[in-house]
Amino acid sequence: AVTRTPFIAGNWKMNLDHLQAIAFVQKLAWSLQDAKHDFDAVEVAVFPPFTDLRSVQTLVSADKLPLAYGAQDVSAQDSGAFTGEISGAFLSQLDCRYVIIGHSERRTLHNESDELVRSKTAAALKHGVTPVICVGETAEDLEKHGSSAVPVSQLRAALEGVSADADIVVAYEPVWAIGSGQAATPEQAEQVAAALRAVLSESLGDDAAARTRILYGGSVKSGNIAGFMREPNIDGALVGGASLDATEFSNIARFQ
Ligand code: PEP
């Protein structure tokens, strides 16, 4: 059977400038090392703002920290007259292993469509950066269509044209659970994660479905992570608010 390395990812959103980022990453690394964190057994990544990435890269490489990092968004374009956009090529040059794509805040506040999420996914893969594709239903979607329908159709759309051997991560983040303090139950999240794994299988084949990590996100904290990690189709978490406290985030990474 394929084993999927658990993945704990911290989305900082628009918090921590490049100086605060250095202090925070040092503290997080100490905290994890203090807890004898096995980085091969559980991968840990942070997703700082773009302006922090160079500082994080310098620190991680100078101190040989076993932490991964990535960006919170990427342009669908490679280069050119796209004011304010950031190319996947730039992320790749800064050794970003990952990039978050289609976070609900971007879908809602910046009107990102399924089509744009698909183009950004393709752009990330083209530049060798692993997309963390976010999908999830709003409270209204949940009431009208149940929990799985919207995330399933968002993931299907994002995977159009993706090759079977592509390295991707999927994050199921019910919009009503993000920043609300009201996490989904592990059972609810597992049900959608299983439906998303079926989409992976249908779009990319059984091998990709078995290998690809599916994260849960939405009000995850150290007190509720264990329940999610016990579910067979949940391989980790995308953490917002609780990722800004180094001790709390390191406790989430030690979910066992
Ligand atoms: C997120 O924004 O990806 C998220 C899961 O936020 P929070 O953990 O704060 O709900």
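Predicted model: local features only at pLDDT ≥ 70, side-chain atom pairs only at ≥ 80, totals over all residues.
**Active site**

Select H103 and E173, where UniProt, in an unreviewed entry, places the feature "active site".

Centre on H103, in the loop that runs between β4 (98-101) and α4 (104-109). Is H103 buried or exposed? It is buried, because 27 other C-beta atoms lie within 10 Å, and the cut-off for buried is 20 or more. Leaving aside residues up to four places away in sequence, H103 touches Q72 and C134.

Move to E173, in the loop between β6 (169-172) and α8 (186-204). E173 also counts as buried, with 28 C-beta neighbours inside 10 Å. Now show its contacts, again without residues up to four places away in sequence: S104, C134, G136, I178, G217, G218 and L238.

**Helix α5**

Select residues 114-126, which form helix α5. Its 13 residues should span 18 Å at 1.5 Å a residue, and the end C-alpha atoms are 18 Å apart, which agrees.

Which residues of α5 are buried? Colour V117, R118, K120, T121, A123 and A124. An α-helix has 3.6 residues a turn, so residues three or four places apart point the same way.

Finish at G128, which follows α5 and has a positive phi, near 75°.

Conventions
Residues numbered from 1 in each chain as written. UniProt positions renumbered as here; feature names shortened; annotations may be inferred. Helix = DSSP H or I, 4+ residues; strand = E, 2+ residues; numbered from the N terminus. Buried ≥ 20, exposed ≤ 12 C-beta atoms within 10 Å, placed from the backbone. Contact = placed C-beta atoms within 7 Å. Expected span 1.5 Å × (residues − 1).
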